[in-house]
Amino acid sequence: MSARRLDGRALAERWRDDVAREAQAFAASAGREPRLAVVLATDDDAASTYAAAKMRTAQALGVQVDLVRIAGPKTASLVETVERLGADEGVDGILIETPVALGVDLRAAQDAIPAAKDVDGASTQSLGRLFSGQTGFVPATAAAVIALLDGYGVEIAGRRAVVVGRSLVVGRPLGQLLLARDATVTVCHSRTGDLGAVTREADVVCMAVGRPRFLTGSMVRPGAVVVDVGTNVVGGKLVGDADFDSVAAVASAVSPVPGGVGPLTTLLVLENVARAARQRCGQAGL
Ligand code: NAP
């Protein structure tokens with residue numbers, strides 16, 4: 001079987017104009033661009049790379065991104081910074097880039113983000129709203145998986161979905177979003193026994209583990225759809241959690257890494273910034 005490529009980059013390319021229009025609509029009435037503060041509480045190169053990528057995309061769409069670096073990060077200074085940005089009328093969205101420095105309490109800092117500015121749905125409050133079925137911002141990576149499936153017309157309702165990974169950033173919120181769309185959902189983790197037997201049951205497999213090429217073709221039911229959230233650097237190259245070639249030989253569709261979930265994640269965060277800006281200013285049409 002030759003699998004269809006779930007090309008997130010192409011989808012993002014098509015949706016960019018919609019996001020740019022939202023940003024422009026806000027700018028036209030507010031006299032300034034929507035503004036996202038990206039907080040960097042680490043010297044980690046990966047976090048800086050993610051932030052720089054967001055800045056590049058944002059610039060082209062008319063969303064302003066401010067990098068807020070915290071020197072010698074400590075939980076107290078991070079929380080203080082987030083609270084200051086939360087109170088700043090000129091800031092519409094706040095995102096704490098991960099990973100943060102060792103020993104920093106990320107949860108405390110995320111919980112300091114006001115719900116109206118929590119554009120990556122990271123706080124306990126935002127997650128609670130998602131898990132209790134209320135509207136609000138949801139983690140962008142999880143939302144990007146759903147956007148990718150929808151963008152390619154993959155049926156979700158009534159299908160068996162397996163999510164591998166149970167982090168609060170990806171696995172758990174994704175499980176919840178799939179459940180809200182009427183999939184029958186299993187969430188797996190490092191203690192799951194015979195993972196292959198579970199993934200082979202799935203119509204849709206979503207990988208969010210952080211282990212290069214972990215899911216192989218023999219773990220996939222013929223005709224299943226595989227969405228790969230994983231981003232792992234191997235020999236200087238970005239690879240996913242799925243072994244693309246062996247999976248593509250069995251699956252009906254598979255998302256590549258890079259070029260799958262990632263570009264949509266960035267776009268959804270920026271769309272949320274434009275939306276947060278308009279909501280905070282009481283603008284309708286959202
Ligand atoms: P994480 O917090 O490290 O969580 C990894 C999850 O995988 C955990 O739930 C862990 O189980 C599970 N796991 C580890 N080894 C396993 C195994 N052998 N079998 C089954 N499950 C196993 O990672 P994350 O933040 O969710 O990120 C996951 C991946 O997505 C990473 O590669 C990350 O870089 C990528 N990511 C991509 C984007 C994007 O926009 N494309 C955004 C965010 C993250 P336990 O809970 O039992 O430890």
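## Domains and core

The domain assignment divides the protein chain into domain 1 (29–114) and domain 2 (140–262). The model described here is predicted. Between the C-alpha centres of domain 1 and domain 2 the distance is 28 Å.

The largest nonpolar core contains 53 residues, and Leu36, Leu149 and Leu178 have the most contacts inside it. Because domain 1 (29–114) and domain 2 (140–262) both contribute residues to this core, it lies between them. A separate core of 18 residues includes Val164, Met219, Val226 and Val247. In soluble globular proteins, nonpolar side chains tend to be buried together. Leaving aside residues up to four places away in sequence, Leu178 touches Ile146, Leu149, Ile156, Ala161, Val163, Ala183, Val185 and Cys206.

## The second largest pocket

The second largest pocket holds about 680 Å³ of space. It is lined by 26 residues, of which Thr135, Gly136, Phe137, Val138 and Leu177 are the closest to its centre. Two or more lining residues come from each of α5 (124–131), α6 (140–151), α7 (171–180) and α10 (261–280).

With 5 residues, α10 gives the most to the lining of this pocket. By residue class, the lining consists of 12 nonpolar, 9 polar and 5 charged residues.

## Cis peptide bonds and positive phi values

Most residues other than glycine have a negative phi, and most peptide bonds are trans. Against that background, a cis peptide bond is found between Thr98 and Pro99, with omega about 0°. Pro99 belongs to the loop between β4 (93–96) and α4 (106–110). Another cis peptide bond joins Val257 to Pro258, again with omega about 0°; Pro258 is in the loop between β11 (253–254) and α10.

Asp182, a residue other than glycine, has a positive phi, near 70°. Asp182 is located in the loop between α7 and β6 (184–188), and its relative accessibility of 55% makes it exposed. Arg213 also has a positive phi, near 50°. The loop between β7 (204–207) and β8 (225–228) contains Arg213, which is partly exposed at a relative accessible area of 41%.

## Gln24 in helix α1

Gln24 is part of helix α1 (residues 8–30). Because exposed residues are those over 50% relative accessible area, Gln24, at 51%, counts as exposed. The C-alpha atom of Gln24 is separated by 8.5 Å from that of Leu61, although the two residues are 37 residues apart along the chain.

Technical notes. Residues numbered from 1 in each chain as written. Predicted model: local features only at pLDDT ≥ 70, side-chain atom pairs only at ≥ 80, totals over all residues. Heavy atoms only, no water. 1 Å grid on protein atoms, 1.4 Å probe; cavity = no way out; pocket = protein on both sides within 12 Å on 5 of 7 lines; lining within 4 Å. Points joined across faces, edges and corners; volume = space filled by probe spheres on them. Helix = DSSP H or I, 4+ residues; strand = E, 2+ residues; numbered from the N terminus. Nonpolar A, V, L, I, M, F, W, Y, C, P; charged D, E, K, R; others polar. Buried < 20%, exposed > 50% of the residue type's maximum accessible area, 1.4 Å probe, protein only. Core = buried A, V, L, I, M, F, W, Y, C linked by side-chain atoms within 4.5 Å. Domains from an automatic or database assignment. Contact = heavy atoms within 4.5 Å.
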